[in-house]
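Hi everyone, thanks for coming.

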Amino acid sequence: MAAVFGAFVLGFSSILTGLNFIVTMHRMRAPGMTFFKMPLFPWALYATAWIQVLATPIVGITLLMIIAERWLRIGFFDPSLGGDPILYQHLFWIYSHPAVYIMILPAMGVITEIIPTFSQRRIFGYKAIAISSLAIALVGYFVWAHHMYTSGMSTTARWIFSLLTFLVAVPSAIKVFNWVSTMYKGSIQMAPPFLFAVGFIFLFMIGGMTGLSLGALATNIHVHDTAYVVAHFHYIVFGGVGFAFFAAVYYWYPKMFGRMYNFKMANWSFVFLFAGFNLLYFPQFVIGIMGMPRRYFDYLPQFTFGHQLSFFGALLLVIGIVIMLITLASKKGAKAPDNPWGGRTFEWQIPSPPPVENFEVMPELKENEGPYDYK
Ligand SMILES: [Cu+2]
C-alpha cells in the first residue's frame, strides 16, 4: 500500500512538471521568440509536457481504484470481488504507452539539436519536426491495446489498434528523414556528441522497425512474451533514450561544468557501448523468434549460443559505461570556451559554466533570426 501511495505522489510531481513546462513556454519566452522560432528541444519537451499532464492522471485514478479495492473491497480488478483484471491492463497501458513517449520525445529533441550543430547546417524541415512531436504525443493515446493482443480482446478491436499503431511510425519516420537530410552536404564535425547522435539514429531505426513488426497483429502473436520484445524494447529505450542521454551529456557537459573532456576516451566509450549494445540485444531478436520466452533465467540448449553472445555484449557495454564515467569524472580537461561546438541556440551565447541567473541581460531574437541560422 505504501508503494501505491508513493507512486500516486510521484504521479503528481510528473503532472506538475508538465504543467510548469507548458505555462513557461506559453508565458515566458524571450522577446522575439515566437513558437515557431523555438529550438526543437523545447518543442519536444512541450509535446512531452502535454502527455505528462493528460496521461498521468489515468495512472493516478488507477492507483486510487486499487486503494479502494483493497480497503473498501470495491471490486474493480479482482475477479473474486466481481472485478475484471483486463480492465487493469487497459488502464495501465492507457498511461504506460504514452509514458514511453515521455521518454523518447525529449531524446528526439536532443538529437534534433545536435545534428544541425555538428553538421553546421540549418535543420531540414523545422516545422515538420515540431509538428511531428505533437503528432507522436497525440497518436500515442490511441495505440495502448497493442500490448494486449493476446489478453483476450475482440478481433475488430485488435486490428483497429494494429492499424493505429502503424500511424505512429509516420511522424517518427519524418524525424529520421529530416535528421539525415540535415546531415546531407553538411560540414560534419566528428565529435563525441555527434557519434552518439548517429548511433541513436541507427539503433532507433532498428527499434522502430521491429516495433512495426510487433504492431502487426500476426507477428505479434507469434513473438508475444519472447526475447524479441525484450530486444525491441531495449533498442528504443536504451539504444534510443540511453544513447540520446549520453549524447546530451557529452554535448552540454562543457557548458555545465566549464571543462572539456578527453575526446579519445569519449570515442572509445562510444565504440564499446555501441558494439556491446548490439552484441547484447541483437541476438535476442533471433532467439526470440526461435521461441525463447522473456523473463526466464533458464533455457533450452538451442538458445545457449544466443545467450552467450548477449553475455559478452553485456561485458563490453559495462566497459563502455565505465570508460564514459571515468572520462566525465576526470576534471583534467582544458577550460571550455563559451561555444565549443559553434551552436546557435541561446545557451551557447553565455559563459561556460553559466552565471547564477544564466542570462545577465535578457536575450533577444531579432526579426529575421532563428535558432538554426547556419547556412
Ligand atoms: Cu506501446
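First, two housekeeping points. This is a predicted model, so to speak of local features we need pLDDT of at least 70, and side-chain atom pairs count only at pLDDT 80 or more, while totals for chains, interfaces and linings use all residues. Residues are numbered from 1 along each chain, as its sequence is written.

When I say helix, I mean a DSSP run of H or I with at least four residues, and strands would be E runs of at least two, both numbered from the N terminus.

Let's begin with helix 1, residues 2–27, and helix 2, residues 40–72: their axes come within 8 Å and cross at roughly 155°. That makes helix 1 roughly antiparallel to helix 2. An axis here is a line fitted to C-alpha atoms, for helices over the stretch in contact, and angles run from 0 to 180 degrees between N-to-C directions.

The crossing of helix 1 and helix 2 is left-handed, which means the near helix is turned anticlockwise from the far one by less than a right angle; clockwise would be right-handed. Their contact has 19 nonpolar, seven polar and no charged residues. In this scheme Ala, Val, Leu, Ile, Met, Phe, Trp, Tyr, Cys and Pro are nonpolar, Asp, Glu, Lys and Arg are charged, and the others, Gly among them, are polar.

Now, how do helix 3 and helix 6 pack? Their angle is about 125°, with the axes 9 Å apart, and they are therefore oblique to each other. This crossing is left-handed. Helix 3 brings I111, I114, I115 and F118 to the contact, and helix 6 brings P193, F194, A197 and F200. By class, that gives eight nonpolar, no polar and no charged residues. Contact means that two C-beta atoms, placed from the backbone, lie within 7 Å.

On to the core. Which members of the largest nonpolar core touch the most others? Of its 84 residues, they are I111 and A247. Helix 8 (227–257) is among the elements that give two or more residues to this core, and the largest share, 16 residues, comes from helix 8. A nonpolar core is a set of buried Ala, Val, Leu, Ile, Met, Phe, Trp, Tyr and Cys residues joined through C-beta atoms within 7 Å. Buried means 20 or more other C-beta atoms within 10 Å of a residue's own, exposed means 12 or fewer, and partly exposed is in between, with C-beta atoms placed from the backbone.

Leaving aside neighbours within four places in sequence, A247 is in contact with V110, I111, I114, P193, F196, A197 and F200.

Finally, some single residues. W268 lies in helix 9 and is partly exposed, with 17 other C-beta atoms within 10 Å.

Is R73 buried or exposed? It is exposed, with 10 other C-beta atoms within 10 Å. R73 sits in the loop between helix 2 and helix 3, and its phi is near 60°, a positive value in a residue other than glycine. R295, in the loop between helix 9 and helix 10, has a positive phi of about 65° although it is not a glycine. R295 counts as exposed, with 7 C-beta neighbours inside 10 Å.

Last stop: the peptide bond from S352 to P353 is cis, with omega near -15°, and P353 lies in the segment after helix 10.

Definitions and conventions
Parallel < 35°, antiparallel > 145°, perpendicular 65-115°, else oblique.
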